[in-house]
Amino acid sequence: MPETVETGTVVKPRADVGVRRVAGTVTVGWDEEAFELSETTFFIWRQLDGRRAVADVASSVANYYGIDRSEALADTLEVLRDLIDLGLLQVIASDSGGSAGV
Amino acid sequence: MNLPKTVQLPAAEVRRLRAALAENGLISDDCLAVFIGGSVARGWQHARSDTDLYVICDKPWTGETNGVNTVALTPATVPTVGAFVDGERVELRYWLDDQVDQTFAKATWEEFQNGDSIGQRLSGTEAIFLSRLGQAIIISGEDWMAERQKQLVECAFRSMWTLRWLGEADGHVRGALGMMEAGDHTSAVLSAQMALGASVDALALSYHEFGLDRKWRARRMEAIKSATLSFDRFWELTTMQTFDPSRPQAWVEDVLDVCRQIALDVEV
């Protein structure tokens, strides 16, 4: 069953996913398959510590990029859903009650 | 230039060593450069340490030698001499300038971008030579050394070996995960140790700590003062201070998290 991601969900990169930062380009994945991350996606990736809920991550995005919180949440959810679809993230908790109040 | 600090020998000491080497027939006036590499150059030596000396010539060394290092170059050997100079044990390696050119030719950005991103063509001896070139006490040949150290900083060697260590770390991380899944916790712990070591080596290289010898890993971690992994945390994990034999998975997961953080922070 596909994983669902909501504001209270906690996700983190799968343990077997490697990261490389070469000449300003960030790629994640495995030897046989790697994906390039945009700057924003990498910023979000770095926030995924297995403790912070999606809402908290979106709050960091809003603060860092100086954008509206609802816009940041929508962008963060879209990015995380894409990364989960690619098999790069795992859901740690379905609803931790993210505290950022996005 | 981004090279680690080396020990500065007083000029009189350098002159004394140069004269002693010449008196013992171990260097000649037509050498292009002579430098000390290894632990002595970093001030990390102990009473039983050899002094590693590199002698660069443009013609094959004709003096007496008593050993060789093998290299994947032409010629395929670097003559060596183990000797005592002023009561100190020294190990000299006689490189040809052309061998140095060939070594650098394996570490270009073109090589990095066109298939050898982890420097597989560089043999261990060649890689150690390059790493020691970056951490040298110059005995003679300042101009040659300045040119070659500039070349070292500008070439792809550091990036190649950083990627090599990160790749090695990834392999050990995957191994540790698989072993944990299989219930083989003892092997997982050893794989996690190796993943940590390779990750730390990549981290140190990212700070331009060119040393490759694993026995100096703790010294390198002390030197780089990394925000990603403090020396105290590194030492706590390396010496397994938080390892609970009844919960080996917890320690392994802790270590793998540190490895992931290093991979996130290291820029190649």
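## A walk from chain B to chain A

Start by selecting strand 3 (residues 67-70) and strand 4 (residues 77-85) of chain B: the two pair in the antiparallel sense over four bridges. Here strands (E, at least two residues) and helices (H or I, at least four) are DSSP runs, numbered from the N terminus, and two strands pair if DSSP finds at least two bridges between them. Before going on, note that this is a predicted model, where local features need pLDDT of at least 70 and side-chain atom pairs count only at pLDDT 80 or more, while totals for chains, interfaces and linings use all residues. Residues are numbered from 1 along each chain as its sequence is written, chains are lettered from A and ligands numbered from 1 in the order in which they are written, and side-chain values use heavy atoms, with hydrogens and water left out.

Now click B:Val68; its bridge partner in strand 4 of chain B is B:Pro79. Strands 3 and 4 of chain B make a hairpin, with six residues between them.

Look for B:Val81, standing opposite B:Leu92 in strand 5. This pair of strands is a hairpin too, with two residues between them, and B:Asp86 in the turn has a positive phi of about 55 degrees.

Hop over to chain A and show its open sheet of three strands, order 2-3-4, with antiparallel pairing. Strand 2 (18-22) and strand 4 (33-37) of chain A stand at the edges with a single partner strand each, so one side of each has no neighbour in the sheet.

Finally, bring up both chains. Contact (heavy atoms within 4.5 Å) takes in 13 residues from chain A and 17 residues from chain B. In chain A, A:Ala15, A:Arg20 and A:Arg21 lose the most area to chain B, together 44% of what that side buries; buried area is the accessible area (1.4 Å probe) that two parts lose on being put together, summed over both.

Stay on A:Arg20, which forms a salt bridge with B:Asp170, the closest N and O atoms being 2.8 Å apart. The rule (a Lys or Arg side-chain nitrogen within 4 Å of an Asp or Glu carboxyl oxygen) finds five salt bridges across this interface.
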